[in-house]
Amino acid sequence: MRTVDGDAHYRFPPASAYRLNRCLFALKSDAVFRKSFQQDATRAMTEAGLDDREQKLLLAGDRDALVAAGAHPYLVFMAELRVRMDRSAFEYF
Amino acid sequence: MPDPAPPIVPLHVNVYLPPQPTPRRCYEWGRALGEILGARPERVALIASGGMSHYPGTDRYASPDVDWDRRVLETLAAGRGRELAAVTGEELDKTGNIELRTWITLLGAVGDRPADVYCYEPSWHHGNAIVEWRL
């Protein structure tokens, strides 16, 4: 099967970034996890299995560095958006 | 919503994680779905939702390809929906239209009927359109 990858905007993440992407997905879709992250981010990320480097990247919110570490761009985007939505109401369009 | 509420069957199309289905596969899948629904006694509405020119999480986010979106809508209004089945996955990615796979699936079901294009509203990061095919 021919696939969209290579220099595509959205590539298949490496297995090494599995925990990082799981954590981003939970931030996007799991309100309980997102609340625990808001209360104690380090503890939530540790329980999600993120290593020190991944935790620093996520706390810094550096999209390019997260993607370079294997995070899926859409999950980075949505995780950041949902965390921001919990913190304050905003007009996005 | 009428009472009783009509049954809703969600259909998921993977658009963000390679390997995504090719536009051709989406179209053919929609065509098969259309054949099945056409043989059913129920009245069925197909609703496809997906952003046009949308690059969330990338450097292109604030640069939607609205010209490509407008050409797509012209194609649909002219009743040439099948042409979208020939678009490649690479082109969908390049133009920020990977979510159009949901539209292309629906196109397989409605065929080459001309679409009523009610609006196209580009935002700074997105194209929004409302399109209907009355069967």
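What follows is a short exchange about the two chains and one residue.

Me: Before anything else, what kind of model is this?
Reply: It is a predicted model.

Me: OK. How many helices and strands in chain A?
Reply: Chain A has 6 helices and 0 strands. Read from the N terminus, the order is α-α-α-α-α-α.

Me: And what is the radius of gyration of chain A, against what a compact globule would have?
Reply: The value for chain A is 14 Å. A compact globule with 93 residues would be near 12 Å, so the two agree. The C-alpha trace of chain A spans about 45 × 35 × 20 Å along its principal axes.

Me: How much of chain A is buried?
Reply: Buried residues are 39% of the 93 in chain A. The accessible surface of chain A is about 5900 Å², and carbon and sulfur atoms hold 51% of that.

Me: What about contacts in chain A, what share is between residues 24 or more positions apart?
Reply: Such pairs make up 56% of the chain A contacts with a separation of 6 or more.

Me: Charges in chain A, how far apart are the mean positions?
Reply: They are 3 Å apart, taking the 14 positive and 13 negative charges of chain A.

Me: Switching to chain B. What is the order of elements?
Reply: From the N terminus, chain B runs α-α-α-α-β-β. That is 4 helices and 2 strands.

Me: Same size check for chain B: what radius of gyration does it have?
Reply: Chain B has 15 Å.

Me: Burial and surface for chain B?
Reply: In chain B, 44% of the 135 residues count as buried. The accessible surface of chain B comes to about 7700 Å², with 55% belonging to carbon and sulfur atoms.

Me: How many positive and negative side chains in chain B?
Reply: There are 14 positive and 18 negative ones in chain B, and the centres of the two sets lie 5 Å apart.

Me: One residue now. Where is Asp93(B)?
Reply: Asp93(B) sits in helix 3 of chain B, residues 89-94.

Me: Buried or exposed, and why?
Reply: Asp93(B) is buried, because its relative accessible area is 5% and the cut-off for buried is under 20%.

Me: How far is Asp93(B) from Val13(B)?
Reply: Their C-alpha atoms are separated by 15 Å, with the two residues 80 apart along the chain.

Conventions: Residues are numbered from 1 along each chain as its sequence is written. Chains are lettered from A and ligands numbered from 1 in the order in which they are written. This is a predicted model: local features need pLDDT of at least 70, side-chain atom pairs count only at pLDDT 80 or more; totals for chains, interfaces and linings use all residues. Side-chain values use heavy atoms; hydrogens and water are left out. The radius of gyration is taken over C-alpha atoms; the globule rule is 2.2 Å times the number of residues to the power 0.38. Buried means under 20% relative accessible area, exposed over 50%, partly exposed in between (1.4 Å probe, protein chains only). Contact means heavy atoms within 4.5 Å. Accessible areas come from the Shrake-Rupley method with a 1.4 Å probe; for residues, only the protein chains shown count as cover. Lys and Arg count as positive and Asp and Glu as negative; His and the chain ends are not counted. The place of a charge is taken as NZ of Lys, CZ of Arg, CG of Asp or CD of Glu.
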